[in-house]
Amino acid sequence: MRNLLLALAYDGSCFHGWQVQKNASSVQETFQDALERVLGQRPDCKGCSRTDAGVHARCFCVSVKVERDIPCARLMAALNHFLPDSMAVLDVREVPEDFHARYSCLGKEYQYTIWNARARNPFLRGRALHYYYSLDLELLNQTAACFLGRHDFTSFCTMDGRDRGDLTRTISCSRWHREGDALVYTVAADGFLYNMVRILVGTQLYAAQGKLSPQDIPAVLAGRDRALAGPTAPPQGLALNRVFYPGFLGTPGGFQEGYHEQ
């Protein structure tokens, strides 16, 4: 039995999130369908996260145990032959037997893209939030810096039927940069809560609108009340960008050796 780690990329607009759904197409089901066609069996697979409907991944890591002795490069090529155009395997590597895509993960990095121009960009449809009001990059970064460090992010989490658990997370990177008319928010942490990144973005847009200030963020965190934060930004601007593991990381270009701090 071999334990393999695969890096995937996918267009989230084509799927109803990672997890298998009864009446909707999911990343997990589509990936397992391809695995079954290649391996002749349908092994269980463990994802590094549970991305929501409409959220993209430039690198999403999946661990799976297989019995077939197919070289990693050949397995990658075979899976890509059967996967739809909306998904691709970027890289495959063998990992120790006890390795788990989710529980061995040290952290993840997401990016949220906003198209900040008067006219929408048709080529970014489904991949960026069109926000035509002027945005102050300096103010956004002042607000983003308030999230750095270890905090209870109850105010930035959508509560559902999942186990509440510990809602404390450590954010190591929180910053915006501009690429022409696009504004990109990069946030890295040791873990993320349900809708956390989208609520962080929505709250920062609230600050940009003057509905709160960077000085208000500590009180919002301390209040541990979802009603204190801003709205949940739409999913289409969000993409899982990198996944951190001990000694290596998953990137849009495949696996790279070393752990690179933000």
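Rings of Phe, Tyr and Trp (its six-membered ring) pair if their centres lie within 6.5 Å; planes under 30 degrees apart are stacked, over 60 edge-to-face, and the rest tilted. By that rule, ring pairs link Tyr10, Phe15, Trp18 and Phe60 into a cluster.

This is a predicted model, in which local features need pLDDT of at least 70 and side-chain atom pairs count only at pLDDT 80 or more, while totals for chains, interfaces and linings use all residues. Residues are numbered from 1 along each chain as its sequence is written, and side-chain values use heavy atoms, with hydrogens and water left out.

**View 1. Aromatic pairs, with Phe99 and Tyr245.** The count comes to 13 aromatic pairs. The ring centres of Phe99 and Tyr245 are 5.1 Å apart and their planes meet at 50 degrees, so this pair is tilted. Phe99 sits in the loop between β4 and β5 (107-115), and Tyr245 in strand β10 (residues 238-245), so the pair ties together parts that are 146 residues apart in sequence. Helices (H or I, at least four residues) and strands (E, at least two) are DSSP runs, numbered from the N terminus. Phe99 and Tyr245 are buried. Buried means under 20% relative accessible area, exposed over 50%, and partly exposed in between (1.4 Å probe, protein chains only).

**View 2. Arg93 and the ring of Phe248.** Arg93 lies over the face of Phe248, 4.3 Å from the ring centre. A charge sits over a ring if NZ of Lys or CZ of Arg is within 6 Å of the ring centre and within 35 degrees of the ring normal.

View 3. Helix α1 (residues 27-39) has 13 residues; at 1.5 Å a residue they should span 18 Å, and the end C-alpha atoms are 18 Å apart, which agrees. The expected span is 1.5 Å times one less than the number of residues. Buried residues in α1 include Val27, Thr30, Phe31, Leu35 and Leu39. The buried residues of α1 pack against β1 (2-10), β2 (45-47), β3 (56-66), α2 (72-82) and β4 (87-95). Contact here means heavy atoms within 4.5 Å. Just after the helix, Gly40 takes a positive phi of about 80 degrees.

**View 4. Phe31 in the nonpolar core.** The largest nonpolar core has 76 residues, and Phe31 and Tyr245 touch the most other members. Such a core is a set of buried Ala, Val, Leu, Ile, Met, Phe, Trp, Tyr and Cys residues joined through side-chain atoms within 4.5 Å. Not counting residues up to four places away in sequence, Phe31 touches Leu6, Leu8, Cys45, Val62, Leu79, Leu83, Met87 and Val89.

**View 5. Ser49 in a loop.** Ser49 is in the loop between β2 and β3. Its relative accessibility is 14%, so Ser49 counts as buried. Leaving out residues up to four places away in sequence, Ser49 touches Trp18, Phe60, Lys108 and Tyr110.

View 6. Leu200 lies in helix α4 (residues 196-208). Leu200 is buried, with a relative accessible area of 0%. Beyond residues up to four places away in sequence, Leu200 touches Phe147, Phe153, Phe156, Ile171, Tyr185 and Val187. Ile217 is in helix α5, and is buried at a relative accessible area of 0%.

View 7. Most residues other than glycine have a negative phi. Asn195 is not a glycine, yet has a positive phi of about 65 degrees. Asn195 lies in the loop between β9 (182-189) and α4, and at 12% relative accessibility counts as buried. Arg224 also has a positive phi, near 50 degrees. Arg224 is in the loop between α5 (217-223) and β10, and is exposed, with a relative accessible area of 52%.
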